[in-house]
Amino acid sequence: MSDPARKAVIIGAGPVGCLSAIALSNMGWEVEIYEARPDMRLPSSKGAAQQRSINLAISPRGILALHAIQPDAADRCLRAAVPMRGRMIHDTTGKLSSQSYDRSGQSIKSIDRAVLNEDLLDVASKTSNVKLFFRHKVIAIDFDGRTMQLEDMESKSNLSVPFHFCVGADGSYSIVRRQLMRVTRMDYEQAYIPHEYLELKMPAGPPQAPGGEPTFLLDPNHLHIWPRHSFMLIALPNQDKTFTCTLFAPTAEFDKLTSSDGIIEWFKTHFPDALTLIGQDALLHDFKNNPRSSLISIKAKPYHYKDRVVILGDAAHSMVPFYGQGLNCGLEDVRVLYCLLQSNNVDPLFTPVEGAVDESLAKALDEYTETRHEDLITISDLAMDNYTEMRHSVTTPAYLFRKNLDNLLSSLFSPPTSPYANDKSGVPFPTTWPSGWLPLYTMVTFRPDISYATVKRKARRQGEILSYAGWATAIATLGAGAAVAYTFLGRLRR
């Protein structure tokens with residue numbers, strides 16, 4: 001009789017937690033998912049505003065992670081998404097300016113978070129070696145003893161659950177991370193930026209013919225941005241022809257918007273075309289009923305303890321949403337860990353004696369922390385930097401010049417590559433240096449075969465090349481000017 005599989009417990013039933021469960025089940029682990037909230041698929045959960053989240057812009061990093069672990073989920077995700085091939089910039093007069101994301105026409109995809117999450121929950125629930133437990137809240141975890149204490153919120157009873165391996169995918173305010181701090185010397189940094197966000201809804205337009213389908217009020221194949229220097233409004237398309245709009249602004253700016261008349265006048269001044277499309281009544285309804293939400297950045301290290309636990313997604317690295325990489329990065333965490341577990345030959349049927357450490361699993365987790373940390377710090381910083389770009393720089397001549405120059409150099413010096421290029425050796429990212437000239441946004445968003453840290457190094461090197469070229473051009477221009485002046489003056493002396 002074969003040995004029973006080891007048990008992995010996943011804390012958090014969001015997209016990262018579900019994909020982690022599917023990945024471990026693929027390897028043969030027995031998996032249990034514990035979630036404090038009710039099952040979001042239940043009719044009773046549909047009307048509840050359980051998630052205060054921004055519409056997802058899923059890109060090749062997230063799609064590759066889905067495809068590597070559950071190809072069917074990746075295909076369904078793409079069918080449920082609306083492609084956005086660029087940014088559409090709206091100025092205060094209503095003038096529109098399109099900026100493509102990529103010279104070859106690649107797109108990011110707008111998808112409803114609930115659609116993706118429910119699909120992954122369905123896959124997990126239909127997997128024989130995965131069990132889901134909702135309304136179960138973690139109270140404490142003993143990693144050395146491999147047990148955790150939970151409250152069953154339905155029966156109001158407490159229970160103790162044994163496990164061999166724990167994955168914390170329970171978000172920015174992670175209980176698993178807090179428990180991990182008790183057994184590791186964790187470097188931890190948390191910061192709130194002085195800005196908040198509020199979600200608004202732009203309705204679908206009327207059908208073009210009686211009895212026809214609703215229409216989009218804006219071009220659906222763009223991410224729409226109203227940049228206003230210190231604040232901005234964005235809009236992402238949904239399959240039902242509506243747009244999810246998000247207003248980002250300093251807390252002090254929000255605090256001024258206390259009356260209905262003040263809100264309407266402020267929108268008339270800064271977003272007149274958006275106000276017309278959203279409608280005054282709908283705008284005031286959303287301001288009254290939708291919460292203002294904070295924006296947090298969290299950095300931590302290490303992400304694991306021995307062979308007992310690892311934290312992934314927002315539990316390990318919350319970031320501001322301005323590069324659209326938060327969920328993509330979390331899904332990529334799962335893919336990277338999956339590769340490392342496989343390359344280290346972690347055996348789900350091997351159970352170490354009590355108190356001992358599974359060296360292969362401990363080595364995989366140690367490699368995860370050491371190789372992933374630089375990537376996560378890099379994308380967190382890039383996300384913060386991109387807020388300035390989205391709310392201000394996209395309208396400046398310097399930004400547009402650099403973007404056009406990047407695209408020109410890319411067309412001249414970059415060979416065509418697959419947007420889903422991936423090393424098949426089990427290594428999370430190829431070790432070869434990416435060839436050609438690649439714009440920063442292209443590398444972050446459309447090249448999942450390039451780690452975030454490598455993206456930063458290559459972008460810095462390309463910036464140095466441009467800087468050297470600029471100085472060389474300036475010196476050559478000055479030299480030519482000096483030669484002309486010298487010749488001219490020489491002729492005057494004759």
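What is the volume of the largest cavity? In this predicted model, the largest cavity has a volume of about 50 Å³. The structure holds one cavity of 30 Å³ or more.

The residues that line the largest cavity are S20, A23, L24, V167, L312, V334, L337, Y338 and L341. Two elements give two or more residues to this lining, namely α1, residues 15-27, and α12, residues 326-343. Of the elements, α12 gives the most, with four residues.

Where is Q70 found? Q70 lies in the loop between α3, residues 60-69, and α4, residues 71-79. Is Q70 buried or exposed? Q70 counts as buried because its relative accessibility is 16%, and the cut-off for buried is under 20%. If its neighbours within four places in sequence are left aside, Q70 is in contact with I22 and V123.

Finally, I come to a sheet. This is an open sheet of three strands in the order β3-β7-β4, and the pairing is antiparallel. Its edge strands are β3, residues 56-58, and β4, residues 82-84, each of which pairs on one side only. On average, neighbouring strands of this sheet are turned by 40° against each other, with direction ignored. Between β3 and β7, the latter spanning residues 108-111, there are three bridges, and these two strands run antiparallel. Within this part of the sheet, L56 stands opposite I111 in β7.

Terms used. Residues are numbered from 1 along each chain as its sequence is written. This is a predicted model: local features need pLDDT of at least 70, side-chain atom pairs count only at pLDDT 80 or more; totals for chains, interfaces and linings use all residues. Side-chain values use heavy atoms; hydrogens and water are left out. On a 1 Å grid over the protein atoms alone, a cavity is a set of points where a 1.4 Å probe fits but cannot get out, and a pocket is an open set with protein on both sides within 12 Å along at least five of seven lines; lining residues have an atom within 4 Å of a point. Grid points are joined across faces, edges and corners, and a volume is the space filled by probe spheres set on the points. Buried means under 20% relative accessible area, exposed over 50%, partly exposed in between (1.4 Å probe, protein chains only). Contact means heavy atoms within 4.5 Å. Two strands pair if DSSP finds at least two bridges between them. Axes are lines fitted to C-alpha atoms, for helices over the stretch in contact, and angles run from 0 to 180 degrees between N-to-C directions.
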